[in-house]
Number of protein chains: 2
Amino acid sequence: MTAEYRRLRVALLGAGAVGSQVASLLLRHGDELADRAGAALELAGIAVRDVDAPRDVELPKELFTTDADSLILGSDIVIELIGGIEPARANILLALGSGADVVTANKALLATHGPELFEAADRVGASVYYEAAAAGAIPIIRPLRDSLAGDRVVRIMGIVNGTTNYILDRMDTEGADFAEVLADAQRLGYAEADPTADVEGYDAAQKAAILASLAFHTAVPLDAVHREGISSITASMIEEARAAGFVIKLLAVCERIEANGAESISVRVYPALVPQSHPLANVHGANNAVFVEAEAAGPLMFYGAGAGGVQTASAVLGDVVSAARRHIAGGVGVGESTRANLPIVPIGHVTTRYQITLQVADAAGVLATVAGILSDGGVSVATVVQTVEGESEPTARLIIGTHRATEEALSATVDALAESSVVERVVSVLRVEGE
Amino acid sequence: MTAEYRRLRVALLGAGAVGSQVASLLLRHGDELADRAGAALELAGIAVRDVDAPRDVELPKELFTTDADSLILGSDIVIELIGGIEPARANILLALGSGADVVTANKALLATHGPELFEAADRVGASVYYEAAAAGAIPIIRPLRDSLAGDRVVRIMGIVNGTTNYILDRMDTEGADFAEVLADAQRLGYAEADPTADVEGYDAAQKAAILASLAFHTAVPLDAVHREGISSITASMIEEARAAGFVIKLLAVCERIEANGAESISVRVYPALVPQSHPLANVHGANNAVFVEAEAAGPLMFYGAGAGGVQTASAVLGDVVSAARRHIAGGVGVGESTRANLPIVPIGHVTTRYQITLQVADAAGVLATVAGILSDGGVSVATVVQTVEGESEPTARLIIGTHRATEEALSATVDALAESSVVERVVSVLRVEGE
């Protein structure tokens with residue numbers, strides 16, 4: 001059935017959770033994929049460190065090799081699923097140098113060495129495909145690069161890390177605390193033994209850099225992404241958020257803003273208050289969603305599984321078919337457009353609304369003092385809710401919703417509040433997004 | 001700034017709500033689009049029937065012409081936004097014959113003459129782009145054709161008609177009846193003076209044919225799509241649905257099923273009961289959403305504005321940029337893959353769950369008689385709720401939820417119920433989707 005097709009040799013680097021599923025699907029659905037690609041996709045080999053390591057899926061022994069370089073040099077399409085920087089970077093550069101197209105799910109590598117890889121591809125007219133690197137199985141790269149190419153993206157707000165969404169969602173539904181849910185998530189396999197990359201927002205920051213680069217046609221280096229994690233989020237913060245009509249989500253926000261009179265962008269990852277009525281508020285469990293606002297298209301949302309071996313394999317194989325079609329159709333690959341090259345604004349100049357929760361003495365004049373400090377700091381108050389706790393020595397909580405203010409102004413004002421004698425404790429400061 | 005780029009001549013056919021926005025965006029964002037396309041996009045002219053007709057947007061008079069053929073023959077990319085079958089079909093064939101790429105939002109034409117257009121494009125290595133034809137501004141064509149090319153789509157459930165979703169949503173929130181809301185929707189511009197195409201599901205059926213063709217790599221002719229509209233939906237049906245945990249949505253369902261032992265597909269449009277917890281249940285107003293289930297990727301959802309001049313223009317311009325990139329990169333276009341060519345199953349062989357509402361006499365033995373008729377018809381009962389109304393001459397309502405049954409079996413059984421002496425009236429029969 002596939003005899004009529006030209007054969008393309010596909011090299012797979014790595015046979016972990018995603019790689020073994022990619023190999024399995026390539027072998028099982030070969031005929032169907034050939035019909036769609038217009039080329040027979042021959043899995044030429046799988047390069048791994050240890051040929052005898054246990055795999056998630058049973059695969060023919062004879063495909064495995066430890067000689068990645070030879071495999072790469074004999075292939076038309078190279079799928080890199082090793083992860084990390086080296087040897088993934090060297091492997092991809094070798095593949096591109098030999099004229100092969102590359103498919104990768106390596107967000108860490110793209111966020112740090114993306115421009116180097118794209119330039120190497122451009123030099124030989126090859127392409128780097130990376131649909132699986134931004135939001136797992138959710139098709140977001142093609143919509144941003146192609147479907148919205150005639151539009152102007154104004155803002156992206158993404159839930160792009162399944163582990164943190166799972167943890168925050170369970171904290172929300174169970175009223176449980178962070179450490180408790182994290183431990184359970186680790187037990188269930190939703191979080192790694194070392195959860196830092198997820199929980200502290202590093203993974204989301206890599207994805208934010210990739211999405212912002214694409215959406216704003218600007219190379220966004222990883223260190224230009226402001227990053228905060230969710231380890232300081234408490235059960236009571238989530239409860240207070242709910243009472244005020246919000247849920248707390250770890251968001252990757254990529255925004256086109258005006259700064260110093262010039263068109264600029266901001267890229268940031270932090271836990272934020274999202275109105276319960278916003279589509280992102282209803283993204284539960286380990287799911288991901290990317291909310292995109294474009295000038296002409298208006299609001300769009302893309303929703304699905306953000307991770308998982310077989311889900312991510314779907315995105316990888318979509319890229320393999322695209323690469324194969326390009327091989328057959330001829331022509332050079334689609335390069336990355338970074339021509340807009342917009343300045344990236346530091347977090348201090350970004351404006352959002354905030355919700356500040358203070359523990360204060362339950363005494364006359366406290367609200368006036370707090371209001372005065374906010375006003376002096378240039379932070380304008382939109383709402384105040386006061387709750388009183390305890391009977392013998394009552395303390396009060398002030399939950400202050402601000403109008404839009406810069407991070408700089410807000411941060412200085414929160415410092416001033418913390419030093420004030422009427423404020424016992426700054427309980428939390430959270431940004432509000434998606435209003 | 002764009003002097004370095006090769007110039008591509010773009011012809012626009014039609015200057016209605018979408019066309020005038022496309023022209024305006026092309027003229028305003030020319031430099032930005034050139035950077036993304038790698039080519040300067042020159043709007044060579046706008047072919048219209050009446051040069052002096054009023055337009056939504058002010059456009060340079062000298063661009064207008066009534067000579068579509070000359071404009072087409074001098075262009076690299078032709079944007080067809082006339083709608084309807086002729087002269088759109090002839091124009092597109094002329095454009096493809098001359099080697100131009102075509103961008104169209106014409107769902108009626110694609111659903112009826114798609115294969116003819118795609119073959120004409122294939123013969124010369126050109127492409128037909130139609131992102132705007134399936135779900136307005138929502139990027140769904142590229143995700144189906146490219147991102148999911150390595151996966152197997154199992155099911156698509158789409159809210160692809162904004163007018164009917166607007167009407168059903170208002171009926172749901174206001175408890176109002178169909179005719180009342182339709183009249184108001186017409187007054188507000190959400191529905192046409194002749195609402196037939198929207199309200200009776202013709203528009204949704206065209207989109208279903210396009211989506212199914214793409215998802216299942218099978219040419220799906222429009223007359224193979226089973227179609228029902230929403231004009232028979234009443235306020236009380238919506239109320240009963242809500243009480244049972246459902247909302248009523250007009251769905252385009254494209255499904256891979258097994259029939260007579262062979263892999264087949266079903267494509268159908270009808271109002272269906274959707275569980276309130278399903279993501280599609282929360283699509284409000286005139287918005288659209290396409291829910292896709294794929295074997296490996298799992299459930300995905302694409303959400304956004306389904307119509308509107310400037311929103312649809314975003315999708316059209318994305319296609320124009322893609323066409324321009326292909327012109328610059330060289331190579332042949334991506335043809336439509338219809339190699340799978342799966343049989344399309346008639347509606348009678350499709351199985352779903354149903355909810356049947358009957359008005360019956362409030363007498364002993366009625367339930368037993370009804371249950372007997374269902375059982376004789378091969379329709380198995382999952383749930384029964386009985387409500388009694390009136391005091392002097394009480395009548396009861398039986399709301400019967402069935403297990404999965406074929407349309408054929410269901411339809412014969414409903415006929416038998418209607419003829420039974422214990423059944424006063426078959427109030428409604430609705431399918432349940434998305435469980």
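B:F302 is buried, with a relative accessible area of 1%, where buried means under 20% relative accessible area, exposed over 50% and partly exposed in between (1.4 Å probe, protein chains only). This is a predicted model, in which local features need pLDDT of at least 70 and side-chain atom pairs count only at pLDDT 80 or more, while totals for chains, interfaces and linings use all residues. Residues are numbered from 1 along each chain as its sequence is written, chains are lettered from A and ligands numbered from 1 in the order in which they are written, and side-chain values use heavy atoms, with hydrogens and water left out.

**Relation of the chains and their interface**

- Chain A contributes 49 residues to the contact and chain B contributes 49 residues.
- About 4,100 Å² is buried between chain A and chain B, 55% of it on carbon and sulfur atoms; buried area is the accessible area (1.4 Å probe) that two parts lose on being put together, summed over both.
- The interface of chain A and chain B holds 4 salt bridges, a salt bridge being a side-chain nitrogen of Lys or Arg within 4 Å of a carboxyl oxygen of Asp or Glu.
- B:E32 pairs with A:R152 in a salt bridge whose closest N and O atoms are 2.8 Å apart.
- A network of salt bridges links A:E32, A:R36, B:R152, B:R256, B:E263 and B:E295.

**Aromatic pairs and charges over rings**

- Over all chains, the whole structure contains 5 aromatic pairs; rings of Phe, Tyr and Trp (its six-membered ring) pair if their centres lie within 6.5 Å, and planes under 30 degrees apart count as stacked, over 60 as edge-to-face and the rest as tilted.
- The pair of A:Y166 and A:Y190 is stacked, because the ring centres are 3.9 Å apart and the planes stand at 10°.
- This pair links distant parts of the chain, 24 residues apart: A:Y166 lies in helix 8 (residues 162-174) of chain A, and A:Y190 lies in the loop between helix 9 (178-188) and helix 10 (196-199) of chain A. Helices (H or I, at least four residues) and strands (E, at least two) are DSSP runs, numbered from the N terminus.
- A:Y166 is buried at 9% relative accessible area, whereas A:Y190 is partly exposed at 39%.
- The rings of A:F302 and B:F302 form an edge-to-face pair, with centres 6.0 Å apart and planes at 90°.
- That pair crosses between chains, from strand 12 (residues 298-305) of chain A to strand 12 (residues 298-305) of chain B. A:F302 is buried, with a relative accessible area of 1%.
- A:R227 has its charged end over the ring of A:Y202, 3.9 Å from the ring centre, and B:R431 has its charged end over the ring of B:Y270, 4.1 Å from the centre. A charge sits over a ring if NZ of Lys or CZ of Arg is within 6 Å of the ring centre and within 35 degrees of the ring normal.

**Salt bridges within the chains**

- The count of salt bridges over all chains is 56.
- A:E255 and A:R268 form a salt bridge with their closest N and O atoms 2.8 Å apart.
- A:E255 is in strand 9 (residues 246-259) of chain A and A:R268 in strand 10 (residues 262-275) of chain A, so the pair ties together parts 13 residues apart in sequence.
- A:E255 is buried at 4% relative accessibility, and A:R268 is buried at 0%.
- B:D184 and B:R187 meet in a salt bridge (2.7 Å, N to O); both lie in helix 9 (residues 178-188) of chain B, 3 residues apart, about one turn of the helix.
- B:D184 is buried at 19% relative accessibility, while B:R187 is exposed at 62%.

**Packing in chain B**

- B:F64, in strand 3 (residues 64-65) of chain B, is buried with a relative accessible area of 10%.
- Leaving aside residues up to four places away in sequence, B:F64 touches B:A15, B:I46, B:V48, B:V51, B:R55 and B:L59.
- In helix 12 (residues 235-243) of chain B, the residues B:A235, B:M237, B:I238, B:E240 and B:A241 are buried.

Definitions and conventions:
Contact = heavy atoms within 4.5 Å.
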